Amino acid sequence: MKLSDLLQTLEDLAPTRHAEPWDNVGLLVGDPDQTISKTLLTIDYTPAVAEEARNNSCDCIISYHPPIFEPLKRILVNSLIFDAIRRGMAIYSPHTALDVADGGTNDMLADAIGIGADRQPLRITDAKSAANYKLVVFTPRDAADKVADALFAAGAGRIGNYSSCSFRSPGTGTFFGEEGTNPAVGQPGQLEHADEVRIETILPIKNLQPVIAALKKHHPYEEPAFDLVQLAAPPEGRGQGRIGNLASPTDRSALIGRIKQQLNLSHLLVSGPTTGSISRAACCAGSCGDLLNDAIAQKAEVYLTGELRHHDALRASQMGLTVVATLHSNSERAVLKRLAQRLQKRLANLEFFVSQSDRDPFQIR
């Protein structure tokens, strides 16, 4: 199977446009055209995980945390990235894109707590940048279909599950061919009026270069006229964390036990009240102290996260909010099994494994 097939499926499940702007998500190492057969899922790409991948003949890694985060100035022989490149190992990171996605990391935590279907993002973080351009091009009437088909083939004209989408309107174009021109319509040295069609279509930013190349190749004019408009990203109600009501009121002690069972953990760090019935909870995978105020403002009674600063835990407990911390990656690891199952269902010809070597660097003894 081509790596590009896996990339498209991952993009469908956790669109990278929803990742935080500071993050480094997507394909980090590899060639979309390379062939892959076995993929290992992990939270962190460590030497132990690299060895596990090598022993299992894996040629692709889905590493939740990006192993390339800050810009690299050197890639030397003893580094994990050098080794991956040398062995042809592809590495992909979904990180905060998976956190935001439906059925992703934060939904997994919400399920572990028992938050119902009314759940909402704890903080809306819709993408601030545009994902698409609108292309407007003017063609002779008899060339409109040929030009439009070329644009569609190059990656334009898709809206959701619809392809070859465009809007066309007739009009009159004017031009004056100056010395040295060779117009496809009319003669140089005189003002021409041409019967033209205005074609409007949409294209993802990533397809800009091939679409413009196709436009210039297939348009009959020597100098085709076109407009390119960057579109604002429409709000999608996406965001980090989850908050909502429990299916039924639950005692805090029972809820703590449920979280242990659902996340397969023997110990948790708990601050604040540990008894008493609650009906509303919030969660956010990883290090989410900056969302504590959101949980308080939205009247959460329990807040589940990976880690929280000492003084934030004190403040929360003083306000009667129970904080449950799992250690950072323990709040994320359970999503790997869920992601592997979803990928396996879509890509039956590719094998997926969840790492047995991957673990949080801290242990409670």
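This is a predicted model: local features need pLDDT of at least 70, side-chain atom pairs count only at pLDDT 80 or more; totals for chains, interfaces and linings use all residues.
Residues are numbered from 1 along each chain as its sequence is written, and side-chain values use heavy atoms, with hydrogens and water left out. Helices (H or I, at least four residues) and strands (E, at least two) are DSSP runs, numbered from the N terminus.

**Helix H3**

- The buried residues of H3 are Ile 81, Asp 83 and Ala 84. Seen down the helix axis, they fall within an arc of 160°, so they line one face of H3.
- That arc is taken from the directions from the helix axis to the C-beta atoms.
- Buried means under 20% relative accessible area, exposed means over 50%, and partly exposed lies in between (1.4 Å probe, protein chains only).
- Just after H3 comes Gly 88, with a positive phi of about 70°.

**Nonpolar cores**

- In soluble globular proteins, nonpolar side chains tend to be buried together.
- A nonpolar core is a set of buried Ala, Val, Leu, Ile, Met, Phe, Trp, Tyr and Cys residues joined through side-chain atoms within 4.5 Å.
- The largest nonpolar core here has 47 residues. Leu 6, Ile 113, Ile 259, Leu 343 and Phe 352 have the most contacts inside it.
- Leu 6 is in contact (heavy atoms within 4.5 Å) with Ile 36, Thr 39, Cys 60, Leu 343, Leu 347, Leu 350 and Phe 352, leaving aside neighbours within four places in sequence.
- A second, separate core has 18 residues, including Ala 148, Ala 154, Ala 156 and Val 197.

**Salt bridges**

- A salt bridge is a side-chain nitrogen of Lys or Arg within 4 Å of a carboxyl oxygen of Asp or Glu. The count by this rule is 19.
- Arg 86 and Asp 83 form one, at 3.4 Å from N to O. Both lie in H3, 3 residues apart, about one turn of the helix. Arg 86 is exposed, because its relative accessibility is 55%. Asp 83 is buried, at 11%.
- Asp 111 pairs with Arg 338 in a salt bridge, their closest N and O atoms 2.8 Å apart. This pair links distant parts of the chain: Asp 111 is in helix H5 (residues 105-113) and Arg 338 in helix H11 (residues 335-346), 227 residues apart. Both count as partly exposed, Asp 111 at 27% and Arg 338 at 24%.
- Asp 145 and Arg 168 meet in a salt bridge at 2.6 Å, N to O. Asp 145 lies in helix H6 (residues 144-153) and Arg 168 in strand E7 (residues 167-176), so the pair ties together parts 23 residues apart in sequence. Arg 168 is partly exposed, at 33%.
- Salt bridges with shared partners join Glu 51, Arg 54, Asp 83, Arg 86 and Arg 87 into one network.

**Two loop residues**

- Leu 72 sits in the loop between strand E3 (60-63) and helix H3 (80-87). Leu 72 is partly exposed, at 44% relative accessibility.
- Asn 207 lies in the loop between strand E8 (191-204) and helix H7 (208-218). Asn 207 is buried, with a relative accessible area of 15%. Asn 207 touches Ala 154 and Gly 155, not counting residues up to four places away in sequence.
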